[in-house]
Amino acid sequence: MSPEAGHLKPEKRFSGIPVSPGIAHGNVFVHWFEEDEIPIRNITPEQVSEEVSRFETALIATRAELLDIQERIANAIGAKDASIFDAHLLVIEDRTLIDEVLKALDRDRYNVEYVFHRVAERYCKSLSEIKDAYLRERVVDIEDVARRVIRNLLGKAPKTVNNLERAHILVSHDLSPSDTALMSRELVLGFCTEAGSRTSHTAIMARSMDIPAVVGIHGVCSELNTGDHVLLDGYNGVLILNPSPETLREYGEIESKKEEIEENLELLRDTLSTTRDGKRIILSANIELPDELNDVIASGAEGIGLFRTEFLFLNRSTPPSEEEQYENYRLVAEKVAPHGVIIRTLDIGGDKFINGLDLVEEQNSFLGCRAIRFCLRHPEVFKPQLRAILRAAKHGNIRLMYPMISGVEELLQANAVLEECKKELRAEEKEFREDLEVGIMIEIPSAALCARLLAKHVRFFSIGTNDLIQYSIAVNRLNDEIAHLYDPVHPAVLQLIQMTVEAAHAEKIWVGVCGEMAGDILYTPLLIGLGVDELSAGASVVPHVKKAVQSLDAKVCKELTEEVMLSGDSSKTTARCEEVSRAHYPDLF
């Protein structure tokens, strides 16, 4: 595809945000999205009921489209990713939005397409002005659903970006999650957009579908033409227009090297994660649904360090029954045996909302009635889950873990509910695990500060670094304006981790890390040096972490930690972590 020598066009590079790794090169297709023209006409009072009927029909048709997409994604790449479309389904079931449309129809007497468009537009404008970046990103979900409703009202088929017969690299201002979900992996080699972020649903879908993607390249649509030759680097967030022969050769070598590394990592599957000087690190995987168990087994993980149970509660009007939960937990325990599974009790609130549960709107939900606080307030939800876990533990090595424990009193309250469940099961003569191991997440600074007290009442700690970092340094990592302040190696964060590990070991209990730091090989030497006993990460990165552990010396890690703890300089800590990492496993970078 390279131009002949003597006719080379100058190479030009554009930088953005890498959201899905991989390299792709080929011809560009610039996708200019055109909004449907919304007709406007007056209606009579007698026509209002007809417009309401059309609106209801369009909502039903849109719901059917979304459920179809959800089912196709669940079958193709798993239920976890399909659950992204729960947010879309909530939009068309939003009574506030629907009632506002119905009131406007009756009041303003315009056709329903125009009325709905105005209401949805107002919703999006309000959300886009909210400071919370996570909520701002949900504007894309609402816009996606609104377009589908309007096209159904207009009697048009859903728009699609899959309208080319040749493989291409897609370039667009933005892409909706459904655009991404319905992409043909054979035809879309990769994509880049002008808008977007790492945490958008579009980015999540791209990673799940293994499509190289870069977002946030402002103005790129105007810089490129359909048919241009480009190279997309999803590792570093770069789009290269007219890549030179030298660039193509360089990236060809990178691709070959990456493939060779992945093949070598597969050979480590059945080996133990032990440092070169003999320190044993348990390496587990995080999961959200039983569907992911095959990936866990293939990764070589030693069981499951975090089973997030929230996804069992999604997309339903009532919580799952005790029996349904029991069957799910038992299945997981039996499949990962002889390894263990740590089941985290329901962690909702903050950025996770679930239908059918009594979640009130809060001014700051991250500091509100979430996780263990919600469960203690709602024993009708908490107790069936605890009973299911106790019963399932008879079938495998299950441990239980409470999220967001802030202090001893909260922990004792949770344990008291657990004892109630045991008493009930004994009375009912149902089998359960009497000596179930109980642990807690350390993700609030207060928990780390009183870790010595908490350690007397549990069998293990698991540090949730994502929340621990944001609560410690008061940074919402989803907020674009301050995301650069989200610092995993902030001196306060490292001291809290060290304090937690020392407290655990003083009471002869073990401590793991199940946040994103556990899966980032840049921080593997630091975490080993801090003395953690277990790392739990996404199944896809487990082989990389295992290779990192096996390449390191615990003594070197300890020396690194002692050095950076005295430094107190985050940038120097990051630089030293990178220096040690690259010296021991350069091929993973």
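Residues are numbered from 1 along each chain as its sequence is written, and side-chain values use heavy atoms, without hydrogens and water. Because the model is predicted, local features need pLDDT of at least 70 and side-chain atom pairs count only at pLDDT 80 or more, while totals for chains, interfaces and linings use all residues.

User: How many aromatic pairs does a search of the whole structure find?
Analyst: Rings of Phe, Tyr and Trp (its six-membered ring) pair if their centres lie within 6.5 Å; planes under 30 degrees apart count as stacked, over 60 as edge-to-face and the rest as tilted. Searching the whole structure on this basis gives a count of six.

User: What is the geometry of the pair formed by phenylalanine 307 and tyrosine 329?
Analyst: The ring centres are 5.9 Å apart.

User: Is tyrosine 329 buried or exposed?
Analyst: Buried means under 20% relative accessible area, exposed over 50%, partly exposed in between (1.4 Å probe, protein chains only). Tyrosine 329 has a relative accessibility of 0%, so this residue counts as buried.

User: How far from the centre of the tyrosine 326 ring is the charged end of arginine 391?
Analyst: A charge sits over a ring if NZ of Lys or CZ of Arg is within 6 Å of the ring centre and within 35 degrees of the ring normal. Arginine 391 has its charged end over the tyrosine 326 ring, and the distance to the centre is 4.2 Å.

User: Which residues touch the most other members of the largest nonpolar core?
Analyst: A nonpolar core is a set of buried Ala, Val, Leu, Ile, Met, Phe, Trp, Tyr and Cys residues joined through side-chain atoms within 4.5 Å. The largest one has 100 residues, and the members touching the most others are Tyr402 and Phe461.

User: With which residues is aspartate 141 in contact, leaving aside its neighbours within four places in sequence?
Analyst: Aspartate 141 belongs to helix H6 (residues 133-153) and is buried at 2% relative accessibility. Contact means heavy atoms within 4.5 Å. With those sequence neighbours left aside, the contacts of aspartate 141 are Ala87, His88, Pro177 and His201.

Methods
Helix = DSSP H or I, 4+ residues; strand = E, 2+ residues; numbered from the N terminus.
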